[in-house]
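Subject: Structure handover

Hello,

Here is the structure for you to look over. My notes on helix contacts, pockets and a cavity follow below.

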Amino acid sequence: MAITDVPEFTHLTDADIESLGVELDAIRQDIEDSRGERDSRYIRRTIAAQRALEVAGRLTLAASSKRSAWWAGTVTLGVAKIIENMEIGHNVMHGQWDWMNDPEIHSSTWEWDMSGASKHWRFTHNFMHHKYTNILGMDDDVGYGVIRVTRDQRWKPFNLYGNLLFNTLLAIGFEWGVGLQHLELGKISKGRDDRKATLKRVQEFGVKAGQQVAKDYVFYPALTSLSPGATFKSTLTANAVANVIRNVWANAVIFCGHFPDGADKFTKTDMVGESKGQWYLRQMLGSANFDGGPALRFMSGNLSNQIEHHLYPDLPSNRLHEISIRVREVCDKYDLPYTTGPFLVQYAKTWRTIAKLSLPDRFLRDTADDAPETRSERMFAVLEPVDNGQRRGLKSAIAAVRARRRGKRSAQQGPHVAA
């Protein structure tokens, strides 16, 4: 099932892991030492451009209700919401720009254009998810409590239809899923919550969600309806579609970073006595990247470099691509896999996993310890020890297991084909 021993799984000694941690710490220090005007100029220009884009979208919607103008305004507004959510809100609230000491662009003051309160997100995401990345029973982002994404999660008849249904609904209403996450509805339904704390969180969520609904579905539609070229309904619909555009995109980017093949899961035993180097390893193994140029990196909030983001969640997003070159070199040095691929391929793999795991395990071909979505140190039990004096690293060991499996399948199919 999930990995229970990270050092054993990675085929690294304690000395290797300590050395790896030192090298990754050095990368962090280099970036921190070189932060400066170039970086602050980047985030300020990004915020200015995003706000100009939002104004352009809303003016376009107010100017005309023609279908072409409506779609132009709606898509422009959707793109503005994506940038605010991905490259600005997410990254500012991670503290990536706190070093500037700008009271406006600071993790403690930024409130994003989403239904969930920033305060709640900073706890569920910055603390719970990034500290306990992919640890079963600790990180609620592993399936969000409703989607089965690993065989470590017991199959239920609900998964047969719920996996794909809830993934679709989550994509469309992603901001609401994120906003509701901190309320811990599962604990509430079982009566295991702190009722006083729950009521406070519900009140905070209600205030923020109410403000968001009023802004998008009452205030702006009413404002644009004053223009002879627009109606209340046309702007309300445009805002709803723009929010869906943002939600679906954000969901796709987040899922590409956490659920494609090669994004591993872990057990609570991995937390016991975890060193800094082991924490780094868990972040690298539990995350995945996708390939893309500057435009795709920007529109994803630079989460196309999810591995680097999980290693250094509070370093400026505009530096992650630069960091990735050095992280790849570290992976090559220690024979570690660097999980990446084209965006559409990575996203398709997440849907394939979710569709596959909607079925009971008896219908699945791969073993519970050696499947694309779930691996553990037990997958290497089939390998013979290396007897040539060389040490086999994780990347080479995985390749050896895969080659052995292909060889067995070819041998089994050979007589049948010949017949």
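E54, R58 and A62 in α3 meet K215, D216, Y220 and T224 in α9. Contact here means heavy atoms within 4.5 Å. By class, this contact of α3 with α9 holds two nonpolar, one polar and four charged residues. The classes are simple: Ala, Val, Leu, Ile, Met, Phe, Trp, Tyr, Cys and Pro count as nonpolar, Asp, Glu, Lys and Arg as charged, and the others, Gly among them, as polar.

Some ground rules. This is a predicted model, in which local features need pLDDT of at least 70 and side-chain atom pairs count only at pLDDT 80 or more, while totals for chains, interfaces and linings use all residues. Residues are numbered from 1 along each chain as its sequence is written, and side-chain values use heavy atoms, with hydrogens and water left out. Helices are DSSP runs (H or I, at least four residues), numbered from the N terminus.

Helix pairs

Helix α3 covers residues 37-63 and α9 covers residues 195-224; their axes come within 10 Å and cross at roughly 55°. That makes α3 oblique to α9. Axes are lines fitted to C-alpha atoms over the stretch in contact, with angles from 0 to 180 degrees between N-to-C directions. Angles under 35 degrees count as roughly parallel, over 145 as roughly antiparallel, 65 to 115 as roughly perpendicular and the rest as oblique. The crossing of α3 with α9 is right-handed (the near helix is turned clockwise from the far one by less than a right angle).

Next, α9 and helix α10 (residues 232-258). Their axes come within 8 Å and cross at roughly 135°. So α9 is oblique to α10. This crossing, too, is right-handed. On the α9 side, D216, Y217, V218, Y220, P221, A222 and T224 make the contact; on the α10 side, F232, T235, L236, N239, A240 and N243 do. The contact of α9 with α10 has eight nonpolar, four polar and one charged residues.

Pockets

The largest pocket holds about 1500 Å³ of space. A pocket is found on a 1 Å grid over the protein atoms alone, as an open set of points with protein on both sides within 12 Å along at least five of seven lines; a cavity is a set where a 1.4 Å probe fits but cannot get out, and lining residues have an atom within 4 Å of a point. Points are joined across faces, edges and corners, and a volume is the space filled by probe spheres set on them.

Which residues lie nearest the centre of the largest pocket? They are D140, Y144, G145, V146 and G186, out of 37 lining residues. Helix α8 gives the largest share of that lining, five residues. The lining divides into 15 nonpolar, twelve polar and ten charged residues.

The second largest pocket has about 290 Å³ of space. It is lined by 13 residues, with T367, D370, V382, R405 and K408 closest to its centre. Helix α16 (residues 394-418) gives the most, five residues. Nine of the lining residues are charged, three nonpolar and one polar.

Cavity

The whole structure has one cavity of 30 Å³ or more. The largest cavity holds about 190 Å³. Among its 16 lining residues, W121, H125, F174, V178 and I254 are closest to the centre. Helices α4 (67-93), α5, α7 and α10 each supply at least two lining residues.

Best wishes
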